[in-house]
Every structure is written in structure tokens, then in C-alpha cells.
There are 2 protein chains.
Amino acid sequence: MDKPLVKISIRAENQRAIVEAAEAVFAEAGFKGATTAAIAAKAGVPKANLHYYFSTKEDLYRAVVERVLTAWLAAASSFDESDDPREALARYIGAKMDLARSMPLSSRIWATEIMRGAPVIQDFLDTTLAQWVEQRSRIVRRWIADGRVRPIEPKYLFYMIWATTQQYANAAHEMASLENGRPLTDEQFEAAKKQVIETIIAGVAPQTGRRASPSQT
Amino acid sequence: MDKPLVKISIRAENQRAIVEAAEAVFAEAGFKGATTAAIAAKAGVPKANLHYYFSTKEDLYRAVVERVLTAWLAAASSFDESDDPREALARYIGAKMDLARSMPLSSRIWATEIMRGAPVIQDFLDTTLAQWVEQRSRIVRRWIADGRVRPIEPKYLFYMIWATTQQYANAAHEMASLENGRPLTDEQFEAAKKQVIETIIAGVAPQTGRRASPSQT
DNA sequence: GCGGCATTTGACCGTTTGGTCAAATTTATA
DNA sequence: TATAAATTTGACCAAACGGTCAAATGCCGC
């Protein structure tokens with residue numbers, strides 16, 4: 001009576017536990033460095049049991065990466081919540097920062113996968129991501145046409161956003177080392193998020209500054 | 001008679017060839033994934049010969065990482081070539097972008113090392129890098145005090161610069177996928193470099209824009 | 001409570017890998 | 001040219017690894 005709906009199938013629950021353990025081990029040791037024995041141990045199951053659910057290490061890795069992909073897409077959708085450049089960018093950058101902060105392991109696996117040349121998610125790059133970038137680039141270009149963003153190549157803006165937000169997962173250890181070994185506090189992280197958002201927004205804002213209005217030359 | 005000065009010691013030349021091969025293999029396969037056999041093959045020497053010069057794989061990895069560190073420091077020094085925020089940042093970002101472009105393998109190894117928690121360069125993080133950041137942060141704070149940079153935490157600015165420039169090595173494959181499989185041309189890369197520099201400089205510039213001059217409130 | 005299916009698990013195996021070694025060969029020294 | 005030191009290399013080894021397998025156990029509908 002305590003668990004009527006909670007009664008998840010044994011299969012689903014075991015897979016979840018294994019994938020979760022795999023994520024940690026892959027993130028720490030890389031694909032080749034991760035051993036199925038270590039993953040099984042972390043998940044609390046015998047190695048043979050792991051291979052009962054995921055026949056090969058690559059299968060398991062793929063499951064992990066697909067989980068990350070879901071999170072990536074969820075964060076990406078926050079770009080579309082507003083038509084205002086400042087608001088859209090702030091939301092998107094904020095979502096990506098939060099993703100890096102709350103799922104550092106996933107984020108690191110994602111970065112590694114990209115760096116390895118995307119052996120598993122090549123298809124995603126060529127289809128979903130390409131379309132996403134294409135569509136959002138069109139939005140940015142409209143902003144530029146409307147004079148709400150200075151003339152830039154949208155892709156390079158996205159690269160900057162991806163890199164900078166990812167940094168807070170990838171380089172968390174480095175950042176901690178520069179804070180006497182202590183990881184960024186929530187307050188520091190929020191300050192960093194704010195600064196990243198403001199810097200990028202100001203960085204792509206139309207130049208109203210040095211010269212009051214653009215000359216016609 | 002043909003090689004009076006060229007006659008580098010056998011030792012130095014072999015070490016160089018091995019380290020170069022190691023860099024490629026480590027970058028492609030990660031530390032654990034790289035095999036000494038593969039490195040030896042790429043360097044054109046028998047595996048036993050590799051172990052004659054580098055007794056363990058870790059020794060070899062350390063040699064590779066130290067080579068990268070040299071390049072990192074060289075690029076870092078370009079920050080100090082000017083006292084003007086715009087010029088210093090432009091030079092530094094440009095140097096880091098060029099580093100990522102010209103030494104993508106090194107850059108990727110560096111990124112991986114950072115992501116792994118810097119097992120080899122921890123000492124560098126705690127000493128040299130910490131000092132570098134401390135000193136340059138002081139410079140940035142002076143710029144802020146002089147009203148030449150808006151109030152920011154210098155560290156988060158450096159994180160952004162490191163991440164964004166590194167991106168052009170780490171994610172070269174992803175970028176190519178978004179250009180129909182073709183890597184960034186030199187022209188595209190130069191445009192990206194320009195955009196990154198301008199975006200960051202505008203992003204940290206004092207707000208002369210929306211409101212002409214800061215109020216006293 | 002029985003029959004069938006899913007799950008669990010210890011033992012096992014072929015391969016790969018980092019590293020060793022001793023013998024051969026080359027290079028430097030005098 | 002004699003001798004020592006540095007370098008080269010094929011053969012070899014123990015450990016670690018991904019994956020298999022068959023027997024045992026648990027679970028569920030009827």
C-alpha cells in the first residue's frame with residue numbers, strides 16, 4: 001500500500017542505477033578508462049548483471065550520452081521564451097549555467113564527447129543541432145536587422161555561450177584551486193552567472209556608446 | 001660536413017619525436033585510451049625503445065603536458081604588453097585564439113587535463129597560475145577603479161576568455177559539422193577571433209550607452 | 001502452487017596492455 | 001683500434017579488461 005505506483009519495473013530501476021553509476025565513472029575516467037567492473041561496483045551490482053542490461057560498454061555509454069542530450073535540449077528551449085534579445089539571451093545563458101552547475105558530470109561527458117569528435121552524437125550534430133542553430137541564427141539576424149543587436153555572426157555567439165557556460169562544469173576543479181581549494185559557493189556562482197549574462201548581452205548590444213549614433217559612411 | 005650544428009643528440013631527437021607522437025595519440029584517445037604501442041608506432045620506434053626514454057606512460061604524459069604549459073605561458077604573457085584594457089585584452093584573446101588554432105592537439109590535452117581535475121598540473125594551478133590570476137586581477141581592478149572597465153570580478157572574465165578561446169580547439173569538429181563538414185577557413189577563423197575580441201571588450205566596457213553618464217544615486 | 005520467464009551471479013576466457021629483459025648493435029672516448 | 005657507454009629491439013610476462021555462460025534464484029500469471 002506504500003508503493004502502488006512507485007513499483008517501477010525491476011528492469012527500469014536497475015538500468016537507472018547503472019546509468020547513473022556509469023555517468024560518474026565515465027566522467028571521471030573517460031570512455032576507455034572507465035571499466036565495467038568499476039561501474040558495476042558503483043551501481044552495487046555484479047559485473048555480469050551490468051552486461052545483462054547493457055550488452056557492451058558502448059551501449060552503456062550511448063545511454064549515458066542520450067540522457068545528457070535530453071538535458072541539453074531542455075536548456076536550449078529556453079532561448080525561445082522571449083523575443084527580446086536581452087531576455088532570450090539571459091534566459092538561455094542562465095539555463096545553460098544552471099545545467100553546468102547542477103549536472104557537472106553530464107556536462108563533462110558532453111564536452112568530452114564533443115572533443116572526441118562526437119563519435120556517438122554525430123547524427124545529432126548533423127540534424128537536430130544544425131537545425132537548432134540555423135533557426136536561432138535566423139532570429140539573431142532579425143535582431144540585427146532591427147538594430148537590437150550589433151552585426152555579428154550568430155554561430156560565434158553560440159560558441160561563446162556554449163564554451164563559457166560549459167566552463168563552469170569542466171573547470172570546476174581549476175576554479176576551486178584558484179579559490180584556495182574551495183568550490184564556488186552558490187553566491188559566487190550566481191555572481192558569475194550574472195556577470196556572464198551581462199557581459200555577453202553588453203558585448204552584442206548595438207554600439208550606442210562611444211559614438212552616439214552610427215554615421216552613414 | 002652537412003650537419004655540424006644540426007647534429008642534435010640522439011636522445012633529444014628521439015624524445016622529441018616520441019613526445020610529438022604521444023601528443024597526437026593522447027589528444028585522440030585520452031590518457032587511458034592511448035597505448036604506448038600506438039605512440040611508438042606513430043613515432044616510428046619499437047615500443048621497447050619508447051620505454052627506454054620514458055619509463056612509464058605517465059612520465060610521457062607529463063612531458064607532453066609540460067610542453068603545453070610552455071605554450072600557455074607564452075600566450076599569457078601577451079596580456080602584459082599594454083596598459084590599455086582594450087589593447088591588452090585584444091592581444092591576449094588573440095594570442096589564445098591563435099594558440100587554439102595552431103596547436104589544437106595541445107589545447108585539447110590541456111582541456112582534458114583540467115577536466116580530469118589536473119592530476120599532473122595541480123602544482124602549476126596552485127602556484128604559477130594562482131599568481132598570474134592574482135596579479136592580472138589587480139590590473140583589471142585598477143582599470144575598474146579608473147573607470148575604464150565596468151565593475152566585474154576579474155576571475156570570471158578570465159574564465160570566459162579561457163573557455164571561449166579554448167572552444168576553437170576543443171569543438172573544432174562540432175564547428176565543422178555546422179559548416180557542412182568543412183573546418184573553419186582561415187577567413188572564418190579570423191572573423192571569429194575579431195568577434196570574440198570585440199564582444200568581450202564591449203562586454204566589459206563601462207556603460208556609456210543606454211544612459212550617457214552614470215548617475216550618483 | 002506450478003510452469004515459464006526474467007533476473008542474478010560466480011567462474012571463466014581470450015585479448016590487450018604497460019612494462020621488462022637480455023642480447024645485439026651503434027656511438028663516443030682515448 | 002680497444003673499451004666502455006648509450007641505444008636498439010624482439011621476445012616475453014603478469015595484470016587488467018570486456019564479455020560469456022550456465023546454473024541458480026526470484027517473480028508473476030494462471
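A: First, a term: a cavity is a set of grid points where a 1.4 Å probe fits but cannot get out. Also, please keep in mind that this is a predicted model.

Q: Got it. How many cavities of 30 Å³ or more does the count come to?
A: The count comes to 2 cavities of 30 Å³ or more.

Q: What's the volume of the largest cavity?
A: The largest cavity holds about 520 Å³ of space.

Q: And which residues lie nearest its centre?
A: Of the 33 residues lining the largest cavity, Ala111(A), Ala163(A), Gln166(A), Asn170(A) and Gln167(B) are nearest its centre. Two or more lining residues each come from helix H4 (57–76), helix H5 (85–102), H6 and helix H8 (154–170) of chain A, and from H6 and helix H8 (154–170) of chain B.

Q: What's the lining of the largest cavity like by class?
A: It divides into 20 nonpolar, 9 polar and 4 charged residues.

Q: OK, how about the second largest cavity, what volume does it have?
A: About 110 Å³. Its lining includes Trp72(B), Lys96(B), Met103(B) and Trp110(B), and divides into 7 nonpolar, 4 polar and 1 charged.

Q: Switching to pockets: what lines the second largest pocket?
A: That pocket is lined by 28 residues, with Ala29(A), Gly30(A), Thr112(A), Gly30(B) and Thr112(B) nearest its centre. Helix H1 (10–33) and helix H6 (104–115) of chain A, plus helix H1 (10–33) and helix H6 (104–115) of chain B, each give two or more residues to the lining.

Q: How many of its lining residues are charged?
A: There are 8 charged residues, alongside 14 nonpolar and 6 polar.

Methods: Residues numbered from 1 in each chain as written. Chains lettered and ligands numbered in written order. Predicted model: local features only at pLDDT ≥ 70, side-chain atom pairs only at ≥ 80, totals over all residues. Heavy atoms only, no water. 1 Å grid on protein atoms, 1.4 Å probe; cavity = no way out; pocket = protein on both sides within 12 Å on 5 of 7 lines; lining within 4 Å. Helix = DSSP H or I, 4+ residues; strand = E, 2+ residues; numbered from the N terminus. Nonpolar A, V, L, I, M, F, W, Y, C, P; charged D, E, K, R; others polar. Points joined across faces, edges and corners; volume = space filled by probe spheres on them.
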